[in-house]
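This briefing accompanies the sequence and structure shown below. It is intended for a reader who wishes to consult both while following the text.

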Amino acid sequence: MNETEQLLEQVAVRARNSAQGHGKPLPAVLGAQEITRAEGILGFALPPLLAALYTRVGDGGFGPECGLLSLHDSVRAYRAGRSSAWRWPEGVLPIADFGCSMSVCVDCRSDTAQVLLFDPGLGEPELAWSIDTPSLAAWLHGWLDGTAWYCDGSPAGEEYDLELAPWDGFRSRI
């Protein structure tokens with residue numbers, strides 16, 4: 001079993017246990033045709049790990065904070081962002097809502113599926129984007145092991161203190 005397979009299995013186990021603990025079923029997985037349809041609407045491919053989460057774990061509802069958005073909601077949020085005054089960057093898909101208008105997004109053009117944080121409370125669109133983690137895999141590992149800044153009790157929250165590195169790819173994508 002390779003690292004990606006191990007990660008997907010760990011996420012699936014945690015997602016199932018969390019759903020059972022909350023007395024709610026985990027959303028059903030999506031089929032390949034639903035991924036293809038979403039990619040056609042978006043105009044770009046989903047990173048393989050993100051697609052695998054939707055096809056092998058569930059259609060959102062698991063993960064940090066309120067969990068991953070359903071693929072439908074992610075596509076809808078992306079399209080709304082692209083037509084907003086915020087000049088949403090091309091290829092950056094919202095995957096989770098962290099409250100207070102903050103969104104966790106995946107840069108679908110990044111080889112590692114870099115995870116970005118969008119915080120419109122910072123003012124100008126160029127300032128609203130920061131790098132959360134260098135990859136979707138690292139973001140998921142941080143959630144699984146409780147070391148990510150958004151995890152309760154994580155010392156990383158104090159280290160970051162909203163001082164995440166700015167994302168310099170914004171201007172090239174609008």
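The points that follow concern the annotated domain, helix packing, selected residues and backbone geometry.

The model is predicted. UniProt, in an unreviewed entry, places the feature "domain: Knr4/Smi1-like" at residues 33-140.

**Packing of α2 and α4**

- Helix α2 (residues 32-42) and helix α4 (residues 71-82) have axes that come within 10 Å and cross at roughly 0°. Because angles under 35 degrees count as roughly parallel, α2 is described as roughly parallel to α4.
- On the α2 side the contact is made by Glu34, Ile35, Ala38, Ile41 and Leu42, and on the α4 side by Leu71, Val75, Tyr78 and Arg79.
- By class, the residues of the contact of α2 with α4 comprise seven nonpolar, no polar and two charged.

**Helix α3 and its contact with α5**

- Seven of the 10 residues of α3 are buried, so this helix is largely enclosed by the rest of the structure. The buried residues of α3 are Leu49, Leu50, Ala51, Ala52, Leu53, Tyr54 and Val57.
- The axes of α3 and helix α5 (residues 136-145) come within 9 Å and cross at roughly 50°. The two helices α3 and α5 are therefore oblique to each other.
- Leu49, Leu50 and Leu53 of α3 meet Leu136, Ala137 and Leu140 of α5. This contact of α3 with α5 divides into six nonpolar, no polar and no charged residues.

- Serine 74 is located in helix α4. Its relative accessible area is 0%, so serine 74 is buried.
- Beyond neighbours within four places in sequence, serine 74 is in contact with Tyr54, Leu69, Leu93, Pro94 and Ile95. Tyr54 is also listed among the buried residues of α3.
- Arginine 173 lies in helix α7 (residues 170-173). Its relative accessibility is 13%, and arginine 173 therefore counts as buried, the cut-off for burial being under 20%.
- The side chain of arginine 173 reaches the backbone oxygen of glutamate 90 at 2.9 Å.
- Apart from neighbours within four places in sequence, arginine 173 is in contact with Arg82, Pro89, Glu90, Gly91, Val92, Asp107, Arg109 and Trp167.

**Residues with positive phi**

- Most residues other than glycine have a negative phi.
- Glutamate 65 is not a glycine, yet has a positive phi of about 55°. The residue is situated in the loop between α3 (48-57) and α4. With a relative accessibility of 48%, glutamate 65 counts as partly exposed.
- Serine 101, likewise a residue other than glycine, has a positive phi near 70°. Its place is in the loop between β1 (92-99) and β2 (102-107). Serine 101 is exposed, with a relative accessible area of 53%, the threshold for this class being over 50%.

**Separations along the chain and in space**

- Serine 101 and aspartate 119 are 18 residues apart in sequence, and their C-alpha atoms are 6.6 Å apart in space.
- When neighbours within four places in sequence are left aside, serine 101 is in contact with Phe118 and Pro120.
- Methionine 1 is in the segment before α1 (3-21). At 74% relative accessibility, methionine 1 counts as exposed.

How values were computed:
Residues numbered from 1 in each chain as written. Predicted model: local features only at pLDDT ≥ 70, side-chain atom pairs only at ≥ 80, totals over all residues. Heavy atoms only, no water. UniProt positions renumbered as here; feature names shortened; annotations may be inferred. Helix = DSSP H or I, 4+ residues; strand = E, 2+ residues; numbered from the N terminus. Buried < 20%, exposed > 50% of the residue type's maximum accessible area, 1.4 Å probe, protein only. Polar contact = N/O pair within 3.5 Å; in protein donor to acceptor, adjacent residues only side chain to side chain. Contact = heavy atoms within 4.5 Å. Axes fitted to C-alpha atoms, helices over the stretch in contact; angles between N-to-C directions. Parallel < 35°, antiparallel > 145°, perpendicular 65-115°, else oblique. Nonpolar A, V, L, I, M, F, W, Y, C, P; charged D, E, K, R; others polar.
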